[in-house]
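Hello,

Here is the structure for you to look over. My notes on its helices and strands follow below.

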Amino acid sequence: MALVDAQQARRVLDRLVGYQISPILWRSVKPGLSAGRVQSVAVRLICEREAEIEAFKSEEYWTLTATLTPTEVQHLFPAKLHRIGKKKGEINNYGFRIDEARAKELAADAKTQAYLVEKVQKRERKQKPVPPFITSTLQQEASRKLRFVAKRTMFIAQQLYEGLEIGSEGSIGLITYMRTDSTRVAQEALQAARAYIKTTFGEEYLPNRAVNYQTKKGAQDAHEAIRPTLPLQSPADLKPYLSNDQFRLYELIWMRFIASQMNPAIFDGTTIDIQAGTYLFRSTGSVMKFQGFRRVYMEDERESDGEDVNLPDVKEGDTLNLRKLEPKQHFTQPPPRYNEATLVKMLEAKEIGRPSTYASILSTIQDRGYVTKERGRLLPTDVGRLVNELLKHGFPNIVDVEFTAKMEDQLDVIADGKVKWVETLGQFYPAFQTALKEAPDRMYEARKAMEEQSDEKCEKCGTNMIIKWGRYGRFLGCANYPECQNIKRLTSAVGIDCPEPDCDGYLGERRSRRGKVFYGCSNYPKCEFSTWDKPVPEPCPKCNAPFLVEKTEKAKGSEVVTTRLACRTSECDYTK
């Protein structure tokens, strides 16, 4: 009953938040919007990441890479400048905040030095397999490896769980329940996996005993990990009975489960420090000497880890010959925008929501027009930014990441039977009621604070116009409102003249009511030219059209997006 009480508390809490905040958004922004205890925090994370990117200032830095070889034998290998005197590389241990002139000066000086091996460190490194899938890790890995969105992953997983016709054997459920936060596995499944590993790969790939993974603290642990129900049947055995998507997802689940019961991969890792006057260069590499679980499966995130860099066999005091020294310019990069996989990973890391809700949250924030997806990355729309700002000011606790995580902890305490669910909600509701009363005024103040002065003059009264926020995003409104009620669309200039004859407008980035980006004329509604393809200020070399367009395409049956430039006119077939 404690578990039932915790679930009831969750449902009541979510309805209190959603049903009472959403109407305020309808009045403040537009009908059809919604707020949620978890979805609003997800939108906030996306908005804050976008703000980080916009505020980011790139820094120049340089690396120096030496190509060296032992004197006795020809074996070229790279080494990066790691330290100058006592000063280490400020960026990733190897990047120095210097300009081009200083980088060339250092390279010229380093070329005159003798290169001696100062220290050689060798160690064996083991890489352990990862646990079988839970809901969140399945969504993340299917996004990375298969390019599936979370909704598609869960839809296909549901088909595999419910059962498919497997020849004469009839309908068989091929995986365990796909909404789970536990890495626990039944003993009979562990034994089946071990039998398969021993028969297929041999004793050296099989641990002495079955591997049991620790389920994270706070997990409900109501179901097993996501695993195949028939571990002894490989994906190839079932391929004739599955669609392409079903096969790919089943293969991913099967490989992950089998690999989780295999021995670690083993690497020989080597680090060589090379002294050249006051400069210390460092070279690292590792060579795999036993595949272990990697023979079956490897997480995408861990595939590039510097392996297979074959370093020469040198010892301390050896002299090395310098063949090349190359300074290279770099610039620091802003944090990447979230994709579905990384957003799910962040929500899980911050203990926000439950794995079973992630797919629906991702769908909701896109369906409501709060977030749009461009090339697989999640960007907040103007409406999403507005709603986020209003909720931050009107209900600061509800959209606070820490508050939401603490509420999950309180729900876990209810599930443990340590507190009554009515008491927990009783502590939450009074402050929430107060926030409901104060929210409209706070939201109005927040909206006014978001307004910006523009350089554009109102053509009706000559006053400077103000950038305001409305139900469809930002727009220009006269500062003399309500005396002057002139409003105009706000566009981001692309720097390209409108191609329509007798039109003096320019093309700008705009968003549809659903938040999707398109490009239209600044003279709208007088000129209705628009295109979904992004204009590129480059004339067509074939027909001399004034600009090209960027086309993104997805191959049939694939989630991989390709981009090409093409002529904007349908009569010309130029593309690159």
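**Helix packing**

H2 crosses H10 in the right-handed sense (a crossing is right-handed if the near helix is turned clockwise from the far one by less than a right angle, and left-handed if anticlockwise). Contact comes from Gln39, Ala42, Val43 and Ile46 on H2, and from Ile361, Thr364 and Ile365 on H10 (contact means heavy atoms within 4.5 Å). Five of these residues are nonpolar, two are polar and none is charged. Here Ala, Val, Leu, Ile, Met, Phe, Trp, Tyr, Cys and Pro count as nonpolar, Asp, Glu, Lys and Arg as charged, and the others, Gly among them, as polar.

H2 covers residues 39-55 and H10 residues 358-367; they pack at about 70°, with axes 10 Å apart. H2 is therefore roughly perpendicular to H10 (65 to 115 degrees; under 35 is roughly parallel, over 145 roughly antiparallel, the rest oblique). Axes are lines fitted to C-alpha atoms, for helices over the stretch in contact, and angles run from 0 to 180 degrees between N-to-C directions.

A word on provenance. The model is predicted: local features need pLDDT of at least 70, side-chain atom pairs count only at pLDDT 80 or more, and totals for chains, interfaces and linings use all residues. Residues are numbered from 1 along each chain as its sequence is written, and side-chain values use heavy atoms, with hydrogens and water left out.

Helices (H or I, at least four residues) and strands (E, at least two) are DSSP runs, numbered from the N terminus. Two strands pair if DSSP finds at least two bridges between them.

**The four-stranded sheet**

S12-S13-S14-S15 is the order of an open, antiparallel sheet of four strands. S12 (452-457) and S15 (487-489) are its edges; each has a single partner strand, so one side of each lacks a neighbour in the sheet. Twist averages 40° from one strand to the next.

S13 (residues 464-470) and S14 (residues 473-478) run antiparallel, joined by six bridges. Gly470 has Gly473 of S14 as its bridge partner. Helix H11 (residues 382-394) lies across S13 and S14, at about 80° to S13.

**Around S2**

S1 (residues 60-70) pairs antiparallel with S2 (residues 77-84) over four bridges. Six residues separate them in a hairpin. Thr67 faces Pro78 of S2.

S2 is also joined to S8 (residues 279-290), antiparallel, by four bridges. Leu81 stands opposite Phe281 of S8.

S3 (residues 87-88) pairs antiparallel with S2 over two bridges. Ile84 is opposite Lys87 of S3. The S2 and S3 hairpin has two residues between its strands, and Gly85 there takes a positive phi near 60°.

Regards
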